[in-house]
Amino acid sequence: MTMNPPQGQDSDYKIKDTKPQLGERWPHGGVRGGGGWISSDRAASTYDLVEQMYYLYVRVVKARDLPPNPVTGSCDPYVEVKLGNYKGKTQRFDKKANPEWHQVFAFSKDRIQSSIVEVFVRDREMVGRDDYLGRVVFDMNEVPTRVPPDSPLAPQWYRLEERRGGEGKLRGEVMLAVWMGTQADEAFPEAWHSDAATVHGEAVFTVRSKVYVSPKLWYLRVNVIEAQDIVVSDSQNQVFVKAQVGNQILKTKACPCFSPSTNPFWNEDLIFVAAEPFEEQLVLTLENKVTPSKDELSGRISLPLNIFERRLDHRPVHSRWFNLEKFGFGALEGDRRKELKFSTRIHIRVCLEGGYHVLDESTLYISDQRPTARQLWKQPIGILEVGILSAQGLLPMKTNAYCVAKYGQKWVRTRTIVDSLSPKWNEQYTWEVYDPCTVVTIGVFHNGNLGGNPAKDSRIGKVRIRLSTLETDRIYTHSYPLLVLQPSGMKKMGELHLAFRFTCLSLAHTIYLYSRPLLPKMHYLHPFTVSQLDSLRYQAMNIVASRLGRAEPALRKEVVEYMLDVDSHMWSMRRSKANFFRIVSLFSGLISMSKWMSEVCQWKNPITTILVHILFCILICYPELILPTAFLYMFLIGIWNFRSRPRHPPHMDTKLSWAEAVHQDEMDEEFDTFPTSKQQDVVRMRYDRLRSVAGRIQTVVGDMATQGERFQSLLSWRDPRATSIFIVFCLFAAVALYVTPFRIITLLGGLFFLRHPRFRSKMPSAPNNFFRRLPARADSML
């Protein structure tokens, strides 16, 4: 792989063009060369975005008729595959003459150190001795080459040969298959790899590449209406309902209950996040607030979630009455008949919301916006292909590196390359794209499970790529710096080499999406509050981390939280300053325009001043030319800016993030725990309150900056499709406004603005949806 020379003093923090040999020698088609354009009707191979890597594969299936050990009289066999200095071993079976292993060993061709590959069948008692039950030897020059989509190579029986004193005896048989292949081979993901030869035991499972699927998340809406036949201990009780789903607990407000004939009424909605398959149950408890510090349990019921209705829109859901099991005061132990005749009842309306998208990631970096119910999904509009090539310049303490990529519900994890500062993965993955205004996230981590003392998987860096900033059917090959913020400041951990391509299946559908809301319509018809969204997102992240942590190998909690930006809402002086200067930069254009007008008024450039006077007189005499001239001017600016359009996808900007010259005390504050770990209780309380308030202000300031930057992106070609749509609109608007009298335009615009509410829709308008889909510089924020 070759790389362009660095440019500028801060080139270490910039994206660099690379020219990997993608698809150079791949059979069955593919693309030659590194970056560039390709035709949409290409005959692409499955791995045309990565460099080809050859492996020697040895599949050990089983053995039969193995001789017993002459010392022990039994046979505890295992197989050892040896190629030069690399040795791979299968599982050992106790006292079994016909074992079955079904294991594949993969040796990288770049590390082959011998002209023969030896397969030994050994016994447990022969460990550490130059002895074996039998062996099979293969000449590397005679090994066949197999490339998918060819069928797998059929294994066959080989007779084992024992060598003792020059004698050759037949000692049982072993079924093997040996071939030369690439990482496109079906056996590649589950194979034992020579680049992880030092990994043994259960840790072997943590170094393999895997694909994960996020659990299907639902919003559970519990509408607590009322209760009847409540048994109270006195006339001063405050009754409330507590609902629990897993670790999520919510309560209704307390309602006075003066006597058993009083029926408390709440009509409150409690929203939870539930994951399919539903393992938790909805537990409802009716409690009496006897004193401010004492709650008395009055009734309880546990309901499985799969009994509730799943709705796709906002249609009403039927309510139901449930009998509560009695506890505490009024419970009659031993009198079962009376308990069945009289019981407290609760009236609730519960449904699983399928019309919402359950947010488990920040809306700024959302990778999926589809509703939960599959019936509401649309057809995909494109395909995203990502080739994770390699990393370079990793720190010496980060030698066991692997990558995690997340887009939509699909998470992928590459294999772990052990003891390498320049790991090469060359793994390619594909996702269906349902909306171009989404972000794919690739993170690099150090596998902390391989040492003697297992530790957390520490972060090495992260890359975000917004699909709307990519040109269709173009292969991007770049090297991204891996930047991580630490208490000591920002640190470059290495560089990640990626290749990716966004293929559009329907251009018309893609353009149509720019006028549609980003989230499903239920988010606008019946929106949640900001506090509800924050709480529900936190619960969704915990559920996703818990479910992915139960896979094998587990995708650990710290990895999931880093990929989902779990700490994005925390207070940071650095981020606040960065957002402030983002807003300042937005007003720099107005300041420049005022300076230019001042120069015009001062006749510093007489020719410019005369032209401005002429234009001003023309617009005064012909006011109908004002709007056409403005749209035509924006159209010309957009065409002019096409030459200087961004060539690279956006990446973390260290200057924009104020990460290069951050003060040490500010970094200590950013990495401080919440609540703070500082001394003195008063200082802790005030400090936490300040951070909480400042975090809200930080979010608002960032949103303001995002809105302004979206205006800037209209003509900047940051999103080539959006800019194309806008400049075409400007052209048609200029023509339409030119041929239509200005008074009619003003009249129609005023009437439309003042139209009756029945003619207004609760859904956002097409211009509003288009504007919200425009990219902002938030993608480049650390």
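What follows is a walk through cores, strands, salt bridges and aromatic rings.

This is a predicted model, in which local features need pLDDT of at least 70, side-chain atom pairs count only at pLDDT 80 or more, and totals for chains, interfaces and linings use all residues. Residues are numbered from 1 along each chain as its sequence is written, and side-chain values use heavy atoms, with hydrogens and water left out.

Let's begin with the nonpolar cores. A nonpolar core is a set of buried Ala, Val, Leu, Ile, Met, Phe, Trp, Tyr and Cys residues joined through side-chain atoms within 4.5 Å. Buried means under 20% relative accessible area, exposed means over 50%, and partly exposed lies in between (1.4 Å probe, protein chains only). In soluble globular proteins, nonpolar side chains tend to be buried together. Here the largest nonpolar core has 65 residues, and those with the most contacts inside it are Tyr219, Trp411, Ile465, Leu496 and Leu498. Helix H4 (residues 530-548) gives the largest share of this core, seven residues. Helices (H or I, at least four residues) and strands (E, at least two) are DSSP runs, numbered from the N terminus. Another core, of 30 residues, lies apart from it; Cys257, Ala274, Ile348 and Val350 are among its members.

Contact means heavy atoms within 4.5 Å. If you click on Leu498 and set aside residues up to four places away in sequence, you will find that Leu498 touches partners including Ile388, Leu389, Val463, Ile465 and Tyr480. Ile271 sits in strand E18 and, at 7% relative accessibility, counts as buried. Beyond its neighbours within four places in sequence, Ile271 is in contact with Tyr219, Leu220, Arg221, Leu250, Phe528, Gln532 and Leu536. The C-alpha atoms of Ile271 and Ser535 are separated by 9.7 Å, although these residues are 264 residues apart along the chain.

Now turn to strand E8 (residues 116-123). Seven of its eight residues are buried, so strand E8 is largely enclosed by the rest of the structure. Two strands pair if DSSP finds at least two bridges between them. Strand E5 (residues 77-83) is joined to E8 by six bridges, and the two run antiparallel; in this pairing Pro77 stands opposite Asp123 in E8. Six bridges also join E8 to strand E9 (residues 134-139), again antiparallel, with Ile116 opposite Asp139 in E9.

Next come the charges. A salt bridge is a side-chain nitrogen of Lys or Arg within 4 Å of a carboxyl oxygen of Asp or Glu, and by this rule the count comes to 37. One of them joins Glu268 to Lys253, the closest N and O atoms being 3.3 Å apart. Glu268 lies in strand E18 (residues 265-276) and Lys253 in the loop between strand E16 (248-251) and strand E17 (255-257), so the pair ties together parts that are 15 residues apart in sequence. Glu268 counts as buried at 18% relative accessibility, whereas Lys253 is partly exposed at 44%.

Lys492 and Glu495 also meet in a salt bridge (2.9 Å, N to O). Here Lys492 is partly exposed, with a relative accessible area of 22%, and Glu495 is buried, at 10%. The salt bridge between Lys557 and Glu561 (3.9 Å, N to O) lies within helix H5 (residues 557-563), where the two are four residues apart, about one turn of the helix. Salt bridges that share partners join Arg221, Asp269, Arg311 and Glu353 into one network.

Finally, look for the rings. Rings of Phe, Tyr and Trp (its six-membered ring) pair if their centres lie within 6.5 Å; planes under 30 degrees apart count as stacked, over 60 as edge-to-face and the rest as tilted. A search of the whole structure finds 22 aromatic pairs. In one of them, the rings of Phe711 and Phe771 have centres 4.8 Å apart and planes at 50 degrees, so the pair is tilted. Phe711 counts as exposed at 55% relative accessibility, while Phe771 is buried at 15%. Elsewhere, Tyr55, Tyr57, Trp179 and Phe188 form one aromatic cluster.
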